[in-house]
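Please consider the following structure as a sequence of topics, from the overall arrangement of the chain to individual residues.

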Amino acid sequence: MIGSAPVAGQDARAQHRARAVVATLCVVAALLVGLAAWAILADRLEEGGAAALIAGALLVLAGVVASRSKDVRSRLVVSFGDRLFDGGVLAAAAWALRIEEPVAAVGALLALAAGFLAAYVRARGSALGYLVEESAATRAIRVGLISVALLAGWAGWALFAVGAWMLVVTLVRTSQVAKEERV
């Protein structure tokens, strides 16, 4: 009994530290998403892509920390950060590119809608008690493609690729939920 008290205290401290790390990473990422959106809207796509890349890397790291800590609140904060990233960066790209590159703007809107749909399927499956997780690789591919598209000036096809990727992720998550429903 006496030996188990410090372990429980250590677990609580470790979880508190993990929450603090996740919150800090997500707040810095949110600030960078705002900077990225501003840069994109100011027609500075490369700078916006760089800020988005750093924000995305921080969100991937926060997701890894939250996943390892098994803390529901930390995962929720990371999920909000992901939605902020998609909403801020992709919406800004859609708006900024709508006149000169309407195909890229449509790709950004597709990626935005598909990302939110994938998040909904994950959240709905989790609410039903099914194991539907977002891996660090899925998050890294999404934010990496978006950021590199902006950095390299490949917005047209790359944003459609992100949309297609997120539709595939949605289908995979939907099949996971369906498989668990049958069991």
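Among contacts in the protein chain between residues at least 6 apart in sequence, 76% join residues at least 24 apart. The model from which this value is computed is a predicted one. The protein chain contains 6 helices and 0 strands, and its pattern along the sequence reads α-α-α-α-α-α. The C-alpha trace spans about 70 × 40 × 20 Å along its principal axes. The protein chain has 183 residues, of which 42% count as buried.

The largest nonpolar core comprises 41 residues, and I40, F85, V89, L90, L97, I146 and L150 have the most contacts inside it. Two or more residues of this core come from each of α1, α2, α3, α4 (102-127), α5 (136-152) and α6 (155-182). V89 gives a detailed view of this packing: when residues up to four places away in sequence are not counted, V89 touches V33, A36, I40, A52, L84, I146 and L150.

Helix α2 and the loops on either side of it form the next topic. The helix α2 has 25 residues, and its first and last C-alpha atoms are 35 Å apart, close to the 36 Å expected at 1.5 Å a residue. In the loop between α1 (4-41) and α2 (45-69) lies D43, a residue that is not a glycine and yet has a positive phi of about 65°. After α2 comes K70, which also has a positive phi, near 60°. K70 is located in the loop between α2 and α3 (72-97), and K70 is likewise a residue other than glycine. K70 counts as exposed because its relative accessibility is 60%.

Apart from residues up to four places away in sequence, D71 touches Q15, R19 and A66.

The side chain of D71 is joined to that of S74 by a polar contact of 2.7 Å. S74 belongs to helix α3 and, because its relative accessibility is 3%, counts as buried. With neighbours within four places in sequence set aside, S74 is in contact with A18, R19, V22, A66 and S69. From S74 to G34 the C-alpha distance is 21 Å, and the two are 40 residues apart in sequence.

Helix α3 also holds D82. Which residues does D82 contact, leaving aside its neighbours within four places in sequence? They are L59, E134, R139 and R142. D82 has a relative accessible area of 0% and is therefore buried.

Helix α4 contains G107, which counts as buried because its relative accessibility is 0%. Beyond neighbours within four places in sequence, G107 is in contact with L159 and F160. G107 and A94 lie 13 residues apart in sequence, and their C-alpha atoms are 7.9 Å apart in space.

The aromatic rings complete the account. The structure holds 1 aromatic pair. There are also arginines placed over ring faces: R83 lies over the face of F116, at 5.8 Å from the ring centre, and R98 lies over the face of W95, at 3.8 Å from the ring centre.

Terms used. Residues are numbered from 1 along each chain as its sequence is written. This is a predicted model: local features need pLDDT of at least 70, side-chain atom pairs count only at pLDDT 80 or more; totals for chains, interfaces and linings use all residues. Side-chain values use heavy atoms; hydrogens and water are left out. Rings of Phe, Tyr and Trp (its six-membered ring) pair if their centres lie within 6.5 Å; planes under 30 degrees apart count as stacked, over 60 as edge-to-face and the rest as tilted. A charge sits over a ring if NZ of Lys or CZ of Arg is within 6 Å of the ring centre and within 35 degrees of the ring normal. Helices (H or I, at least four residues) and strands (E, at least two) are DSSP runs, numbered from the N terminus. Buried means under 20% relative accessible area, exposed over 50%, partly exposed in between (1.4 Å probe, protein chains only). A nonpolar core is a set of buried Ala, Val, Leu, Ile, Met, Phe, Trp, Tyr and Cys residues joined through side-chain atoms within 4.5 Å. Contact means heavy atoms within 4.5 Å. A polar contact is a pair of N or O atoms within 3.5 Å; within protein, one must be able to donate a hydrogen and the other to accept it, and residues adjacent in sequence count only if both atoms are side-chain atoms. The expected span of a helix is 1.5 Å times one less than its number of residues.
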